[in-house]
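Thank you all for coming; I would like to take a few minutes to walk through one model with you. Please have the sequence and the structure open while I talk.

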Amino acid sequence: MSAKPRIGIYGLTSCAGDQLTLLNCEDELLAILDAVDLRSFVMAHSANPEGELDVAFVEGAVTQQSDLDLLTDVRSRAGLVIAIGTCAVWGGLPYLAGKGTAISQHIQVDFSIPGCPIEKSQLLNALSALLHGDLPLELPYPVCLECTIRENNCLLQRGEICCGSLTAGGCGARCPSHGVACMGCRGSALDPNYQSAQQILAKYGYTPEDILQRLALFSGEGFSKEGERVG
Amino acid sequence: MAKIHMDHISRVEGHGALTVELDGNTVRDVKLNYFEGMRGFESLVLGRPYQEIPPIISRICAICSAGHSITAHMSVEKAMGIKVTPQTELLRELAFLGMMVESHSLHVFCLVLPDFFGYAGVADMAAKYEEEIALGLRVKKAGNLVQEAIGGRAIHNVNLTVGGLGKLPTLPQLKELRQELQKSLVEMEAVVDLVAGLTIPEYEGEPILFKAVRPTTDCYGFFGDTVLFSDGQEFPADQYTASFQETESEYSNAKPSTRDGEAFMVGALARINLFGDRLTGKAQEALAKLAIPVPSTNPLYNSVAQVVEIIYALERSIAICDHFLEEGIKPEGPVEYKVQAGTGIVATEVPRGTLYHAFSFDNNGRVTAADVITPTALNQASVEKEIALLAKSQIDIGEEQLKFRFEQLVRAYDPCISCSVHLIRLA
């Protein structure tokens, strides 16, 4: 990489929540802008020279030809492409609407940061690793682990369809820590134990379809009909 | 000079293009094309259980997610006859105000101010005006702190539920929040001075037809049961289909609206025009100092009106914190309710203007019909009309300058294009 890495930030079809998460790093934003050579960020900047990039961050799902054109163009110019947010990583709600696909369906993705929206901490850690010429660390645990560390009461055991045991960690178990069942907005965990979650929920009268319908909200193509992780 | 085309308007949320066709000194046509991919929200909620509706609908837009979430909660509750407690209403309002501060600050400081100082964005502007930008970011952060404290997350809250909240904020949390809000309120004085010193570019405009929700009380506010136009026409929120007409656009993924063919404007400037005389305290002082011409003919003052509303939202948030610091927080969970069939139609004032949510449910609480109308879609006809007026009056300034002025004008409306294309196109 050159002294200041050339960065591009792009949005396909999405709510812009992952780009906004960067803009919400109010304490760090000016330092970040100083540390990189920002080549494109149309949401926040008018003059965008584009050209070759060291790292491209891409938010959103592919729902139309112009999304695909932009994505292909970005891939051709970027050293690394990082998918930010559940829409880009899994297809998210646009997938559920029958219109969107994850960007990995179309191009090679070098790293994924899931979340709806992504967590500030994970974004900052990723930026920090990239600035040091390294790839960010993937978080190998589910929301359930973070929830247990926080000593929350288990909502699954209470009979609520909580997706925490099947969902990628990194959010600090936000929802269950507020007494609200995890909706799986970060997509599938690395090695989800669907059978176990299904057995527990069966005790409370829930069917596999109930669980899958909840998982399908955000995980897009992340789970198969058998509840196994895909991709 | 026959056609001016801008294929991607920058420093707005989402994807929009503008085409202006000129014939000599005549403006032939203005097309604002919101080409963000169709989102399909209204169809994807069909058949889904009522509890999922607010978190799904929240994903229409990140910047005003709290607005979508709270409006959807109100719609679900109205449909099922659920009455939340005054404490829940106040805490929701607090989260809503946090969004107002965050959204308006993002727009004013990061997206609009660079235009007035001749920069392409905050990154460039920060090199010379670091303190101004840093100040703006601190105010924006205060809005996000509120959203995090009440909503559990700044974007797409996790803590608001049907009937109440998952977890209640603590008094020490509210005390700390109050301190941060107070700091921002003081800092906004410098912002008012800065903005009062700016020259707002003018063009030969016409009186604008404004529209906003009439606040329930005699105070300024964002919640109410009727919607008022600036020519005096007033409609109950649930009769929105009678108060304006949505049209299918051949070139845009959003549905523009007019009232009997007449464009109207919603947003901060509309609210200030209709209800600005209700402001008190520092917001009232700011309004006087910023001298927004009322009735307004120039939409560029919308960003100035947003500055006034940031101050209003900070003061009102502080008042809500004070209320709880005096009265305490009641340890109450969400209210008990019975799932039942019904329709709930609610209008609120989100940062960019009036937002309508209309959801119908069956006896099992599953969605049978959904309609969401966003302020950016409502404003589309107004933007096109004003672009035509601007082009007509400033045709001699040359294409480059015109493009700059067009973009500045579109930006003044603070369009949220992700919001506006939430619907699915019917074949």
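This is a predicted model: local features need pLDDT of at least 70, side-chain atom pairs count only at pLDDT 80 or more; totals for chains, interfaces and linings use all residues.

**The interface, a helix and one threonine**

The size of an interface is often given as the accessible area lost when the parts come together. Here chain A and chain B bury about 4,100 Å² between them, and 62% of that area lies on carbon and sulfur atoms.

Turning to the polar side of this interface, we find 18 residue pairs in polar contact between chain A and chain B, counting pairs in which both residues have pLDDT 80 or more. There are also three salt bridges across the interface of chain A and chain B, and one that you can look up on the screen joins the side chains of A:Arg214 and B:Glu52, with 2.9 Å from N to O.

Now to helix 9 of chain A, residues 194-203, where the buried residues are A:Tyr194, A:Ala197, A:Ile200 and A:Leu201. Why do these four belong on the same side of helix 9? They do so because they cover an arc of only 130° around the axis. In general terms, an α-helix has 3.6 residues a turn, so residues three or four places apart point the same way. On the other side of helix 9 of chain A, by contrast, A:Gln199 and A:Lys203 are exposed. The cover over the buried residues of helix 9 includes helix 10 of chain A, residues 208-219. After helix 9 comes A:Gly205, whose phi is positive, near 90°.

Finally, I would like to move to chain B and to B:Thr258, which sits in strand 10, residues 257-258. Is B:Thr258 buried or exposed? With a relative accessibility of 18%, B:Thr258 counts as buried, because the cut-off is under 20%. Its side chain reaches the backbone nitrogen of B:Gly261 at 3.2 Å. Leaving aside residues up to four places away in sequence, B:Thr258 touches B:Phe244, B:Gln245, B:Ala263, B:Phe264 and B:Ala381.

Notes:
Residues are numbered from 1 along each chain as its sequence is written. Chains are lettered from A and ligands numbered from 1 in the order in which they are written. Side-chain values use heavy atoms; hydrogens and water are left out. Buried means under 20% relative accessible area, exposed over 50%, partly exposed in between (1.4 Å probe, protein chains only). Helices (H or I, at least four residues) and strands (E, at least two) are DSSP runs, numbered from the N terminus. The arc is that of the directions from the helix axis to the C-beta atoms. Contact means heavy atoms within 4.5 Å. Buried area is the accessible area (1.4 Å probe) that two parts lose on being put together, summed over both. A salt bridge is a side-chain nitrogen of Lys or Arg within 4 Å of a carboxyl oxygen of Asp or Glu. A polar contact is a pair of N or O atoms within 3.5 Å; within protein, one must be able to donate a hydrogen and the other to accept it, and residues adjacent in sequence count only if both atoms are side-chain atoms.
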